[in-house]
Amino acid sequence: MIFYFSGTGNSEWIAKEIAKKQNEEIRFIPEIIQKKEFYYRAAENEKIGFVFPIHSWGPPKIVLNFIKHLTLEFSASNYFFFVCTCGDDIGLSKKVFVKALSTKGITCNSGFSVIMPNNYILMKGFNVDPKNLEEKKLKESVDRVRYINDCLNKRVTGLFECKKGYFPFFKTHIIGLLFNKYQISDKAFFTTNSCNGCKLCEKICPVGNIKVNKKPEWKHNCTLCLACIHKCPQTAIQYGKETAKKGRYYFEKK
Ligand SMILES: Cc1cc2nc3c(=O)[nH]c(=O)nc-3n(C[C@H](O)[C@H](O)[C@H](O)COP(=O)(O)O)c2cc1C
């Protein structure tokens with residue numbers, strides 16, 4: 001079983017590639033949360049994977065919340081791993097995620113980070129990658145995912161290949177804490193006059209946080225995955241004063 005979360009499709013693509021090659025089922029975490037289907041019984045030898053993007057040098061709150069509620073029946077025959085996607089680096093996310101699993105009595109066998117195109121555009125100094133870098137990352141990710149699948153085929157244990165980056169403690173435990181406390185909010189989203197009420201944002205919001213009543217309204221249950229702002233076909237969604245001049249990105253299979 002592969003449990004995954006994704007806003008702009010990077011992690012979704014990887015989750016699907018892994019599920020296909022490992023011959024495992026796949027489930028979208030927000031759907032499980034919405035249906036409150038937190039019980040899962042792993043089959044003998046089944047691999048259980050978690051795939052998600054990095055949000056402010058940690059696993060997204062929604063993913064940690066899911067782990068908290070998960071009731072998993074498993075045995076020593078099961079194999080546990082995670083794959084996280086990031087634009088640059090993940091700080092101490094590995095430690096945070098492995099610890100979250102350990103509270104459920106689960107020992108994580110392996111974990112990997114994959115560098116993918118950046119989708120964080122909300123603050124000064126952050127933008128989507130230039131086209132050539134985006135293409136380079138996408139190209140390199142194909143081999144990376146192939147390598148990860150090879151490792152999973154071999155059920156490698158104790159292998160954690162995660163790009164921590166500089167100042168990982170500060171990023172995860174200071175900036176990450178402030179982000180989770182103060183930045184996860186939809187209050188700064190608004191639409192410009194180019195919004196034509198197409199309702200795509202309502203349809204693609206993974207947590208059902210948007211209702212379109214002529215124009216979108218955000219219902220204050222946002223995870224800040226940024227699916228809405230990146231996928232709006234009219235580029236009509238903005239966030240505060242920063243995003244008008246920023247690029248947009250979402251994963252498209254070439
Ligand atoms: C709120 C938010 C915070 C992010 N924080 C980080 C980060 O700390 N480090 C990083 O390298 N990328 C960061 N990113 C970029 C994403 O992790 C990256 O683009 C990821 O592949 C997006 O995955 P998705 O398309 O599955 O949503 C952040 C993105 C968002 C939306």
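This is a predicted model: local features need pLDDT of at least 70, side-chain atom pairs count only at pLDDT 80 or more; totals for chains, interfaces and linings use all residues.
Cys 86 has its place in strand E6, and, if we leave aside its neighbours within four places in sequence, Cys 86 is in contact with Ile 54, Ser 113 and Ile 115. Tyr 120 is 34 residues away from Cys 86 in sequence, yet from C-alpha to C-alpha the two are 9.8 Å apart in space.

Cys 86 also leads us to the ligand. Which residues come closest to the ligand? Of the 26 residues that surround it, the closest are Ser 6, Asn 10, Ser 11, Pro 53 and Cys 86. Sorted by class, this shell holds 11 nonpolar, 12 polar and three charged residues. Helix H1, residues 10–22, and strand E6, residues 79–86, each supply at least two residues of the shell, and H1 gives the most, with three.

Now to helix H1 itself. H1 has 13 residues, which at 1.5 Å a residue should span 18 Å, and since its end C-alpha atoms are 18 Å apart, the expectation and the model agree. The buried residues in H1 are Asn 10, Ser 11, Glu 12, Trp 13, Ile 14, Ala 15, Ile 18 and Gln 22. What covers these buried residues includes strands E1, E2, E4, E6 and E7, together with helix H5. Just after the helix, Asn 23 takes a positive phi of about 55°.

From here we can turn to the nonpolar cores. The largest nonpolar core has 34 residues, and among these Tyr 4, Val 51 and Val 83 touch the most other members. The elements giving two or more residues to this core include strand E1, helix H1, strand E4 and strand E6, as well as helices H3, H4 and H5. Strand E6 gives the most to this core, with six residues. If we take Val 51 and leave aside its neighbours within four places in sequence, we find it in contact with Ile 2, Tyr 4, Ser 11, Ile 14, Ala 15, Ile 18 and Val 83. A second, separate core has 13 residues, including Cys 201, Leu 224, Cys 228 and Ile 237.

Let me end with a residue in another setting. Is Gln 183 buried or partly exposed? Gln 183 lies in helix H6, residues 168–183, and it is partly exposed because 14 other C-beta atoms lie within 10 Å. Gln 183 and Gly 105 are 78 residues apart along the chain, and their C-alpha atoms are separated by 31 Å.

Definitions and conventions: Residues are numbered from 1 along each chain as its sequence is written. A residue is near a molecule or strand if its C-beta atom, placed from the backbone, lies within 6 Å of it. Helices (H or I, at least four residues) and strands (E, at least two) are DSSP runs, numbered from the N terminus. Ala, Val, Leu, Ile, Met, Phe, Trp, Tyr, Cys and Pro count as nonpolar, Asp, Glu, Lys and Arg as charged, and the others, Gly among them, as polar. A nonpolar core is a set of buried Ala, Val, Leu, Ile, Met, Phe, Trp, Tyr and Cys residues joined through C-beta atoms within 7 Å. A residue is buried if 20 or more other C-beta atoms lie within 10 Å of its own, exposed if 12 or fewer, and partly exposed in between; C-beta atoms are placed from the backbone. Two residues are in contact if their C-beta atoms, placed from the backbone, lie within 7 Å. The expected span of a helix is 1.5 Å times one less than its number of residues.
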